[in-house]
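Visitor: I am new to this structure and would like to learn how to read it. Please show it to me and take the features in turn.

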Amino acid sequence: MNPRILPLGDSSVLVQLGDEIELKVNQRVHALAKLIEASGFHGIVETVPAYSTLLVHYDPLILPFSRVKNELRAKIAQVEETANRKPRRVDVPVRYGGEYGIDLESAARHLGLSIEDVIRIHSEKIYLVYMMGFTPGYPYMGKLDDALMMPRLETPRTRVAAGTVAIAGSQTGIYSIDSPGGWNLIGWTPLKLFDPDYDSPFLFAPGDEVKFVVEDVA
Amino acid sequence: MSLEIIEVNGVATIQDSGRIGWRKFGVPASGAMDALASRAANALVGNPTNHVTVEIGLGVIAFRALQDCVVAVTGAGFELSVYIWDFRMWSSYYVRAGWTVRLNKLESGMWAYLAIAGGVQTPLVLGSASTNLRARFGGLDGRQLQIGDVIRSGAPSRLLDELAARTLPEEVRPRYSDHPTLDVVAGPQEKYFTDGSIEAFFSSEYTVSPTSDRMGYRLEGIPLMHRNKSELISEGMTMGAIQVPSNGQPIVMMADSPTTGGYPKIGAVASADLPLLAQCVPGKSKIRFRETTVAKAQKKYHELMAGLERIQGDVSF
C-alpha cells in the first residue's frame with residue numbers, strides 16, 4: 001500500500017506503511033524511525049514504532065501539522081536506502097517450564113506436540129522485536145512458527161512475574177515487570193528487561209533480533 | 001524550604017510535564033492530568049512551567065511549612081486554606097514556617113496542583129520526576145505521597161516577596177464545567193465506524209464512567225458501531241486519543257495512557273480541551289464532542305498557553 005500520513009489529534013501524526021504484520025513492512029517502520037531520530041528535526045518530540053505504523057509525537061507550539069507532514073513525506077522517500085541494515089542481536093537464556101512456565105505442558109497438549117518439540121521450535125527461530133508496549137520494556141516479537149500458534153487465555157492472570165516468556169497468536173513476548181497477563185506462559189529468563197535505575201534501562205529496543213537459548217528444562 | 005505532608009486521603013503524586021523520549025520502549029508519558037493547571041501553578045511561583053507539582057485527586061491533603069515558602073494551587077475541585085484563611089486557587093501565597101496549607105475536595109472538578117517556589121527537589125527517572133504508579137518508579141519511590149513525606153524546594157527564581165500574591169486572570173484559565181463540549185480532531189480510523197455512529201458521536205452526550213482513572217476516561221452513551229472489524233494491529237497512541245473497543249463505548253486515553261493500543265480511534269481530543277476533560281467527575285460529568293481541524297486545534301492551544309504569560313503581580317487579596 002502507499003504510505004499514509006494521518007493526524008492523531010493536534011500533536012501527533014500516524015505514518016502508516018502497511019496494514020498487516022509483515023517483516024518487510026516492520027523493518028521499514030524501524031528504518032523510518034531511525035531516519036527521523038537522526039535528522040534531529042526541531043519540534044519532533046519522539047517516535048513510537050509499531051507493526052506497520054510509526055506514531056510521531058511533535059510539539060504544536062513549534063511545528064504546524066503541514067510542516068510535519070512535508071518532513072515525513074521527505075523521510076519516507078529516503079527510507080528504502082536504510083531499511084536493510086543489520087539489526088542488533090540479543091540472546092536470551094530461557095528456563096522452559098518450571099515454576100514460571102506453568103502453561104508449557106497444557107500448551108504442548110493443545111498444540112499436539114511434545115514438550116521437547118515446543119521448546120525446540122520456540123528456541124530455533126530468530127525473532128524480530130516488532131514493537132514495544134504494554135509495560136515498560138515489553139517486546140512484541142514474531143513471527144512464531146505456525147505450529148506454536150494458540151489463542152490467549154480466556155481469563156487473563158492478575159499477576160505474571162517479570163522475566164516470564166510467553167506466546168499468543170503469532171507472537172512471543174517476555175513480561176518486563178510484574179503485571180497482569182493473558183498470554184500462555186512457557187518459561188522464564190533471569191535477564192532484567194527493565195530497570196529504570198540502570199544506565200541502559202531496557203534490554204531490548206524496537207527492531208532488535210532475538211534468539212532464545214535453552215538453559216535447562218525444569 | 002520545605003513542606004511536610006501532615007494529612008492525606010486521596011491520591012497525591014509528584015508529576016511534571018511528562019516523561020518524554022521513552023514511549024518507543026513502552027514507557028507511558030505520565031505527567032499532570034491537567035497540564036495547563038500544573039504549568040500555571042509553576043508560572044505563578046516563578047518556576048519554569050514544565051517543573052514538578054504535587055497532583056492531588058479525590059480527597060483531603062494538608063501540608064505544614066517547615067520554613068517560609070511561596071506556594072500556588074491551581075486546578076479544580078478543591079478549596080484552599082492557608083493558616084486561618086480561606087484563599088482562592090490560581091494565585092500564589094506567602095506561607096510562614098509552621099502554617100498549614102490545606103486542600104479539601106469539592107463536588108465539581110478532580111485535580112489540584114501545588115507548586116512551590118524553587119520547584120520540588122526530586123530525582124529524575126528516565127528524565128522526568130513524574131510518578132508511574134503502575135510500574136512503581138518516578139516521583140517519591142514510585143508511590144503515592146503519604147503522611148510524613150517532605151517536599152523540598154530548590155532556590156526560588158526571585159525573592160519570595162516578589163513571587164507571592166500573584167494571580168492568573170480568570171479569562172485565561174480553562175473554562176471548567178460539569179458538561180463541557182470538547183473539540184475533537186477526527187481520525188485516524190474514523191472510516192472504521194458507520195456514518196450513523198460518527199453522527200451520534202458528535203451529537204449525543206456521554207457520561208464519564210466511575211471506572212475512569214489516570215490511564216483513561218471511559219465514557220458511557222450511544223454505542224459506536226464498527227463497520228467491519230473492531231480491532232486493529234496495535235499502533236502508537238497518545239493522551240486524548242479516543243479508542244472504541246467492540247462494546248462501542250469510547251475510552252479517552254489520559255496521562256498514564258499505554259503507549260500503544262489495538263482499538264480503532266474515532267478521533268483525539270484537542271490539547272487545549274484536555275484540561276476540561278481531565279477535570280470531569282466520573283459518574284457525574286456529561287460531555288459533548290465537536291469536530292475541529294488540526295490547524296484550529298493548534299491555534300487554540302497556542303492561545304491557551306500564551307495566557308500563562310498574563311500573570312499579574314502584586315494583587316491584594
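Guide: Start with domains: their bounds come from an automatic or database domain assignment. Chain B is divided into domain 1 (2–168) and domain 2 (181–306). This is a predicted model, in which local features need pLDDT of at least 70 and side-chain atom pairs count only at pLDDT 80 or more, while totals for chains, interfaces and linings use all residues. Residues are numbered from 1 along each chain as its sequence is written, with chains lettered from A and ligands numbered from 1 in the order in which they are written.

Visitor: How far apart do the C-alpha centres of domain 1 of chain B and domain 2 of chain B lie?

Guide: The two centres are 28 Å apart.

Visitor: How many residues of each domain of chain B are in contact with the other?

Guide: Two residues are in contact if their C-beta atoms, placed from the backbone, lie within 7 Å. Here 20 residues of domain 1 of chain B are in contact with 15 residues of domain 2 of chain B. On the domain 1 side there are 11 nonpolar, six polar and three charged residues. In that count Ala, Val, Leu, Ile, Met, Phe, Trp, Tyr, Cys and Pro are nonpolar, Asp, Glu, Lys and Arg are charged, and the others, Gly among them, are polar.

Visitor: What is the radius of gyration of chain B?

Guide: First, the elements: helices (H or I, at least four residues) and strands (E, at least two) are DSSP runs, numbered from the N terminus. Chain B has five helices and 18 strands. Its radius of gyration, taken over C-alpha atoms, is 20 Å, close to the 20 Å from the globule rule (2.2 Å times the number of residues to the power 0.38) for 317 residues, so chain B is as compact as a globular protein of that length. Its C-alpha atoms fill a box of roughly 65 × 35 × 30 Å along the principal axes.

Visitor: Which residues of helix α4 of chain A are buried?

Guide: Buried means that 20 or more other C-beta atoms lie within 10 Å of a residue's own; exposed means 12 or fewer, partly exposed in between, with C-beta atoms placed from the backbone. In α4 (residues 115–124) of chain A, the buried residues are A:Val118, A:Ile119 and A:His122. They fall within an arc of 95 degrees seen down the axis, so they line one face of the helix; the arc is that of the directions from the helix axis to the C-beta atoms. On the other side of α4(A), A:Glu116 and A:Glu124 are exposed.

Visitor: What share of the residues of chain B counts as buried?

Guide: Of its 317 residues, 54% are buried.
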